Amino acid sequence: MNSDDLELQRYGEEQEVAIVRLRRPAKRNALNDGLVLSIRNLFETLPEGVRAVVLDGEGDHFCAGLDLSELKERDAAQGLHHSRMWHAALERLQLGTVPVIAALHGAVVGGGLELASACHIRVADETTFYALPEGTRGIFVGGGGSVRIPRLIGVARMTDMMLTGRVYDAVEGERIGLAQYLVPKGQALSKALELALKVAQNAPMTNYALMHALPRIAEQPADQGYLTEALISAIAQSAPEAKARVRAFLEGKAPKVQKTP
Ligand code: 1HE
């Protein structure tokens, strides 16, 4: 299913980045079922040649969460399937083929925060604020938030956000780990694109390992984690591309690690 509310645009010299944009600014990019299904479909069928994605929201807000106008009376089974539909869509994004960088601004609330937390990197501008109003609306998170958000900020902070309706601003959000980058107003997209171009240059196997192995290793007992790490690192370093990159460094042809100015 496709929705006109989701736009894909290519970016970069080789069109290696895809900008995916939520386009319901009049409804603050609230996610109705059509949009959730479009997200799933888009990440299942990313065009050939895309090596990183930037996820953006049109207008003053990244995403106001679940479209509450669709929150009709559902029985328990329908509620379960609705939540599982969100899970499927956000899993395609998180465990897809390429890293996704969220460009955050304005409201990142409810399902909007669930969507952002499925991304691999979050860049927030100064206007960003985060909340989980589900608690005060009498509902619960259903888009994977209870799994992903505590891994970013801890169970205690998420509990507080839902119990009290606490809103974190952009500066606090970066401090507690909701975003990895904080930039001036209006610069989230350009920073996210700058990062995406870098990410797109990595060896695909490294990006795959970071997306698929790292979060799983983090969940494994240490002895299993070490083995998974050894297996994935052996696969990554055996790729011809990895050998070429290491050789380039040893021959002085690849950049050194440098402090950012
Ligand atoms: C919406 C939604 C929405 C806006 N569903 N229509 N999410 C929330 O509880 C957040 C609800 N939204 C807000 O608190 C505010 O809208 C914002 C802080 C995001 C933005 O405020 P503002 O002043 O810029 O916009 P607004 O005037 O509140 O909204 C503009 C329009 O968007 C208005 O519709 P209009 O027809 O009167 O113009 C709003 O009704 C509409 N709108 N947000 C539907 N969320 C998988 S489970 C996830 C569970 C959740 O995500 S629960 C949290 C839901």
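**Entry 1**

I count two residues as in contact when heavy atoms lie within 4.5 Å. I keep in mind that this is a predicted model.

I looked up helix 1, residues 33–44, and helix 2, residues 76–94. Which residues of the two helices meet? From helix 1 I listed D33, V36, L37, I39, R40, F43 and E44. Their partners in helix 2 are H82, M85, W86, A88, A89, R92 and L93. I sorted this contact by class and found nine nonpolar, one polar and four charged residues.

Next I checked the geometry. The two axes come within 8 Å and cross at roughly 30 degrees. The crossing of helix 1 past helix 2 is left-handed.

**Entry 1: helix 1 by itself**

I checked the length of helix 1. Its 12 residues reach 17 Å from first C-alpha to last, close to the 16 Å expected at 1.5 Å a residue.

Then I asked which residues of helix 1 are buried. They are G34, L35, V36, S38, I39, N41, L42 and F43. V36, I39 and F43 were also in my list of residues that meet helix 2.

What covers the buried residues of helix 1? The cover includes helix 2 and helix 3 (111–118). It also includes strand 1 (6–11), strand 2 (17–22), strand 3 (52–57) and strand 4 (100–104).

**Entry 2: helix 3 against helix 5**

I moved on to helix 3 and helix 5, residues 145–153. At what angle do their axes cross? I noted roughly 65 degrees, with the axes coming within 9 Å. Helix 3 passes helix 5 in a left-handed crossing.

The helix 3 side of the contact is L113, E114, S117 and A118. The helix 5 side is G145, R148, I149 and L152. By class I have four nonpolar, two polar and two charged residues here.

Helix 6 covers residues 155–164. I found M158, M161 and M162 buried in it. Why do they sit on the same side of helix 6? They cover an arc of only 90 degrees around the axis, so they share a side.

I recalled a general point about spacing. An α-helix has 3.6 residues a turn, so residues three or four places apart point the same way.

The face turned away from the buried side of helix 6 carries exposed A156, L163 and T164. I looked up T164 separately, and its relative accessibility is 52%. Exposed means over 50%, so T164 counts as exposed.

What covers the buried residues of helix 6? I noted that the cover includes helix 3, strand 7 (129–131), helix 4 (134–137), helix 5 and strand 8 (168–169).

After helix 6 comes G165, with a positive phi near 75 degrees.

**Entry 3: helix 10**

Helix 10, residues 222–238, has 17 residues. From first C-alpha to last it reaches 24 Å, close to the 24 Å expected.

Its buried residues are G225, I232 and A236. They cover an arc of only 45 degrees around the axis, which puts them on the same side of helix 10. These buried residues pack against helix 9 (204–219) and helix 11 (240–250). On the other side of helix 10 I found D223, Y226, L227, L231 and Q237 exposed.

**Entry 4: loop residues**

I went to the loop between strand 1 and strand 2, where Q15 is found. Phi of Q15 is near 55 degrees, a positive value in a residue other than glycine. Most residues other than glycine have a negative phi. Q15 is partly exposed, with a relative accessible area of 37%.

E16 is in the loop between strand 1 and strand 2 as well. At 15% relative accessibility, E16 counts as buried. What touches E16, leaving aside its neighbours within four places in sequence? I listed Y11, G49, V50, R51, A52, L197 and A200. E16 and D125 are 109 residues apart in sequence, and their C-alpha atoms are 24 Å apart in space.

Last, I looked up N29, in the loop between strand 2 and helix 1. Its phi is positive too, near 60 degrees. Is N29 buried or exposed? N29 is buried, with a relative accessible area of 0%.

Notes:
Residues numbered from 1 in each chain as written. Predicted model: local features only at pLDDT ≥ 70, side-chain atom pairs only at ≥ 80, totals over all residues. Heavy atoms only, no water. Axes fitted to C-alpha atoms, helices over the stretch in contact; angles between N-to-C directions. Helix = DSSP H or I, 4+ residues; strand = E, 2+ residues; numbered from the N terminus. Left-handed = near helix turned anticlockwise from the far one by under 90°. Nonpolar A, V, L, I, M, F, W, Y, C, P; charged D, E, K, R; others polar. Expected span 1.5 Å × (residues − 1). Buried < 20%, exposed > 50% of the residue type's maximum accessible area, 1.4 Å probe, protein only. Arc of directions from axis to C-beta.
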